[in-house]
Every structure is written in C-alpha cells, then in structure tokens.
Amino acid sequence: MKFDIMRDRLLDGLNNVMKAVSSKTTIPILTGIKIDVTEEGITLTGSDADITIQTFIPVEEDGDQLINISETGSIVLQARMFNEIVRKLPTNDVEIEVSNGLQTHIRSGKSEFHLIGSDASEYPLLPEVSTDQQFAMPADLLKSIIRETVFAVSTSESRPVLTGVNWQINNDELVCVATDSHRLARRKTTVEQLPSDIASVVIPGKSLNELNKILGDTTNPVEIVITNQQVLFKADNVLFFSRLLEGNYPETSRLIPEEFKTNITINGKALLQAIDRASLLAREDRNNVVRFETFDGNIVEISSNSPEIGKVEEQIQVETLEGENLKISFSAKYMMEALKAIDGQDVVIQFTGAMRPFILRSVHDDAILQLILPVRTY
C-alpha cells in the first residue's frame, strides 16, 4: 500500500474517527485506526465497539486532486500515535507506505516515521444495516434536536436505559425524550417517510454528543437508518454507527401535567440571567437550589440563601401572570439548562402546585417542552 495525501484533509478525517476511539477498550485492535486504500480513495475507521465512525476521503473533489494512490491495501495503525504524528508533520504533503507486511513509513518533508501496524483483517467488520427503512433530516435540525434533549439524560448507570434519548416514531412525527427522573426534555418534529416497523429506540446520549461534534451547521440531509440493535447516520462522506440501548424506556407522557393552577409568560433570557446570578450563592451551598415566588402586579422574585455566605433577591416583571400565587424551589442548573434549550425566546411556565412538576415551553410553538421536578426546602 502506498499513497500521497494532503495533510489537512487527512487530519480532518482523523479528527472525525478519533471521536470513536477509546483507550479503555478491552479489544486491543480497537485502539487503532483502520486505513483502507482503494482506487476511489481512502476510508478511515475508528471504533470502541459501541460507536463506529467511518470517513471517506475521495481521490479528487471539485476538480482538485487530494490523493495520489500508487498501491491499494489496508493497515491498522495505533490511533493516538498516528494522529499525533500527522498533526506534527512539517509539510502539507504526506506519503504513507506499507512494506514487508506491517512496516508503515510516514514521510513528510525531511521527516520520516516508521510505525508497526496491525493486520487489518483482524479489525471487526462494520454492522450490516439494510437501508430499506431510512429517513432523512437536515443536519442543522438534527443538531438542534440533540442540543434540546441530550443534556437531560441520566449520568447514572443504575438505570442504563435512561442514559439514552428515546426516539419514538408516531406516523410522520418523531418525538425525542430524555429524562434522568428529576427532569425531562421533549422535542417533537415532523419528518417525511418515517419507518413504520420501528416504534421506539433508545440512542445513547454519549453517541449523540459525539455525532453532534461531527455534523456541520448545514441544511445538507443526514440519512438515518434504524435497526433493532444499531442506528446509522450518513452525512457528507461520514458514516456514524451507534449501538442502541436495550430495555424498555419508561412511559413519560403521563408525567406531563394537563391542568395548571399558575401560568407565567416571561422573557427567557432575563429569567436565565437572573437565575444565573442567584445560583452564584446557591452553588456554594452545594445544593444549587433557587427559590421562585410570584407576587401580585406581575412580579416574580428569584432568591437564594446560603446561611454562611449571604443571600440574593431579584425581582423580574413578567408579561403575564395568571392563576394562584406560588412559592417553589428548584435546581438552578436544571432550570438554566432547560431555558438554554428553549434558546432565549419568550417562555411560558406552567405550574400545578409547589411540589408538583412544572413545565416550560416556548410561546411560539409546542415543539420543545421541558419538565422539572421542584426541590423540597424546609
């Protein structure tokens, strides 16, 4: 195997596949990156057995030649080392040659590295995914859906299924839900040609976070293929496979209240900033709890009190305040993350009482819904 390639294009490809490589893997060959060279171009593959990322660099693109291929072949190279070497090469021209079986030579300018590779035939094969049940959505929409839900997944392995985001397919509607049992984030969107034979899957939050880093902020379509054990995302020369989480995701729709005693419309940005200020004192107390109290005259007071440090109070004028006055306490972190997901728009907050879950949504649409459980304070 022998080829020349532009260093920056090789680095772009490596940056993507490195996101799947873990040093903690129990399968030694997965600490490497697989390089396949064919007449069409170069395919790089990285995997940790849960996530597999494959990226393709074509021989030419938009009329520019990116790669000169002298000899095709495959090799697996130690991922961290190979990535560091390519990053520090002196020129933008890189030549990679494999001779005597697994001896790999990397040349650039006056610099030459010799690495011992591994046999590519020992690298696990990609999962077989039949593409007859696929649907597509723009990359920027998929990024939004991930950003608006994934922060609410559980970080505790005691209930593994809650460490993922539940994607439910209901006719032409995709409903994405994440919860850690203290809060819930839900995002609905209409997508054409959703598969009919799959009703619900759970995608690991970790996988979605890594996918989010790879996707560009473009309207280019991302093709999504869901099977029983795997999900595949296909975007501009990148294939992203993730295993799905096993187990039944809890039925969350009944957690969302239907009737409310207090409705507030408020500027989301102003509320976020006020809670951020109040949490300065709350953070020191380790519990990060902020109090929220309504008063006549469309006024809401945000306060926090740490016995050793001091207290903070701030009043905000709200646009509308309907129903009973109430006092409620909640985690500042949860509230701020919920408001960031709704992204600075005017927000409707609906309460059913001081110890009942309350919901936040945008004034403009019901696509995003955030639910938070209050904190009991005595």
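**Entry 1: residues 1-127**

I began with residues 1-127, whose end C-alpha atoms lie 26 Å apart. I noted that this span is 17% helix and 47% strand. The model I am reading is a predicted one. I then checked the UniProt record, an unreviewed entry, which places the feature "domain: DNA polymerase III beta sliding clamp N-terminal" at these residues.

**Entry 2: the open sheet**

I traced an open sheet of eight strands, with antiparallel pairing. I wrote its order down as S8-S2-S3-S4-S19-S18-S17-S12. Which strands are at the edges? I found strand S8 (73-78) and strand S12 (134-138) there, each pairing on one side only. I also looked up the twist, which averages 20° from one strand to the next.

Next I looked at S4 and S19 within this order. I found that they run antiparallel and are joined by five bridges. For threonine 55, I noted valine 238 in S19 as the bridge partner.

**Entry 3: helices across the sheet**

I looked for helices lying on these strands. Helix H1 (residues 7-18) lies across strand S2 (32-37), S3, S4 and S19. I read its direction as about 165° to S4. H4 lies across S4, strand S18 (230-235) and S19. I noted that H4 runs at about 170° to S19.

**Entry 4: salt bridges**

How many salt bridges does the structure hold? I have 17 in my notes. As background, side chains of opposite charge can pair when their charged atoms come close.

I took up arginine 243 and aspartate 50, a salt bridge whose closest N and O atoms are 2.6 Å apart. I looked up how open each residue is: arginine 243 is partly exposed at 31% relative accessibility, and aspartate 50 is partly exposed at 32%.

I turned to H4 again, for lysine 213 and glutamate 210. Their side chains meet in a salt bridge at 3.4 Å, N to O. The two are separated by about one helical turn because they are three residues apart in helix H4 (residues 205-214). Is each of them buried or exposed? Lysine 213 counts as exposed, at 53% relative accessibility. Glutamate 210 is buried, with a relative accessible area of 14%.

I then went to helix H6 (residues 332-342), where glutamate 337 and lysine 333 lie four residues apart, about one turn of the helix. I noted a salt bridge between them, with the closest N and O atoms 3.8 Å apart. Glutamate 337 is partly exposed at 22% relative accessibility, and lysine 333 is partly exposed at 40%.

I also found a network of salt bridges, which links Glu95, Glu97, Arg107 and Glu112.

**Entry 5: strand S25**

I ended at strand S25 (residues 327-331). I noted that this strand is mostly covered, with four of its five residues buried. Which strand is joined to S25 by five bridges? I found strand S21 (residues 289-295), which runs antiparallel to S25. For arginine 291, I recorded serine 329 in S25 as the bridge partner.

Terms used
Residues numbered from 1 in each chain as written. Predicted model: local features only at pLDDT ≥ 70, side-chain atom pairs only at ≥ 80, totals over all residues. Heavy atoms only, no water. Salt bridge = Lys/Arg side-chain N within 4 Å of Asp/Glu carboxyl O. Buried < 20%, exposed > 50% of the residue type's maximum accessible area, 1.4 Å probe, protein only. UniProt positions renumbered as here; feature names shortened; annotations may be inferred. Pairing = 2+ DSSP bridges. Axes fitted to C-alpha atoms, helices over the stretch in contact; angles between N-to-C directions. Contact = heavy atoms within 4.5 Å.
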